[in-house]
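Please work through each task before turning to its solution.

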Amino acid sequence: PQASMHDGELDVIWYPAATRWSLLKWIWRFARRSRHQERPLRGSIVARGRQIRVAGTTPLLWQVDGDPLNTQGQRISDVEVSVMPAAVRVLQPAPA
């Protein structure tokens, strides 16, 4: 919620869902919340930093920003992501 494109840090919110039932509960909670709520949902895990490593015990298929992580279909247990400052130029409309 407090993410900034200019601070050089990643903002990650993890919604743990070990089963299909727990995934459905997260979806239900998202559907019921207001768009303007600033706090992450209770039970989620929030991390912030220039480099973030997520390590698991079970190999999984991963998604990053809603897109599948390109692992040629292989399941992996650890993912490490880091910031490359000024690597992308982003255009946005001028404030009204």
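A residue is called buried under 20% relative accessible area, exposed over 50%, and partly exposed in between (1.4 Å probe, protein chains only). The model is predicted: local features need pLDDT of at least 70, side-chain atom pairs count only at pLDDT 80 or more, and totals for chains, interfaces and linings use all residues. Residues are numbered from 1 along each chain as its sequence is written, and side-chain values use heavy atoms, with hydrogens and water left out.

**Exercise 1.** Determine which elements the protein chain has and in what order they run.

*Solution.* Step 1: apply the rule that helices (H or I, at least four residues) and strands (E, at least two) are DSSP runs, numbered from the N terminus. Step 2: count them, which gives 1 helix and 6 strands. Step 3: read from the N terminus on, which gives the order β-α-β-β-β-β-β.

**Exercise 2.** Compare the radius of gyration of the protein chain with that of a compact globule of 96 residues.

**Exercise 3.** Is Met-5 buried or exposed, and what does Met-5 touch?

*Solution.* Step 1: locate Met-5 in the segment before strand E1 (10-14). Step 2: its relative accessible area is 52%, so Met-5 is exposed. Step 3: search for contacts (heavy atoms within 4.5 Å). Leaving aside neighbours within four places in sequence, Met-5 is in contact with Val-90 and Gln-92.

**Exercise 4.** Identify salt bridges of Arg-48 and the network that contains this residue.

*Solution.* Step 1: a salt bridge requires a side-chain nitrogen of Lys or Arg within 4 Å of a carboxyl oxygen of Asp or Glu. Step 2: by this rule the count comes to 5. Step 3: one of them joins Arg-48 to Asp-7, with the closest N and O atoms 2.4 Å apart. This pair links distant parts of the chain, as Arg-48 lies in strand E2 (residues 45-49) and Asp-7 in the segment before E1, 41 residues apart. Step 4: Asp-11 also forms a salt bridge with Arg-48, at 2.8 Å between the closest N and O atoms. Asp-11 lies in strand E1, 37 residues apart from Arg-48. Asp-7, at 25% relative accessible area, is partly exposed; Arg-48, at 46%, is partly exposed. Step 6: consider Glu-80 and Arg-53, whose salt bridge has its closest N and O atoms 4.0 Å apart. Step 7: follow shared partners, which join Asp-7, Glu-9, Asp-11 and Arg-48 into one network.

Conventions. The radius of gyration is taken over C-alpha atoms; the globule rule is 2.2 Å times the number of residues to the power 0.38.
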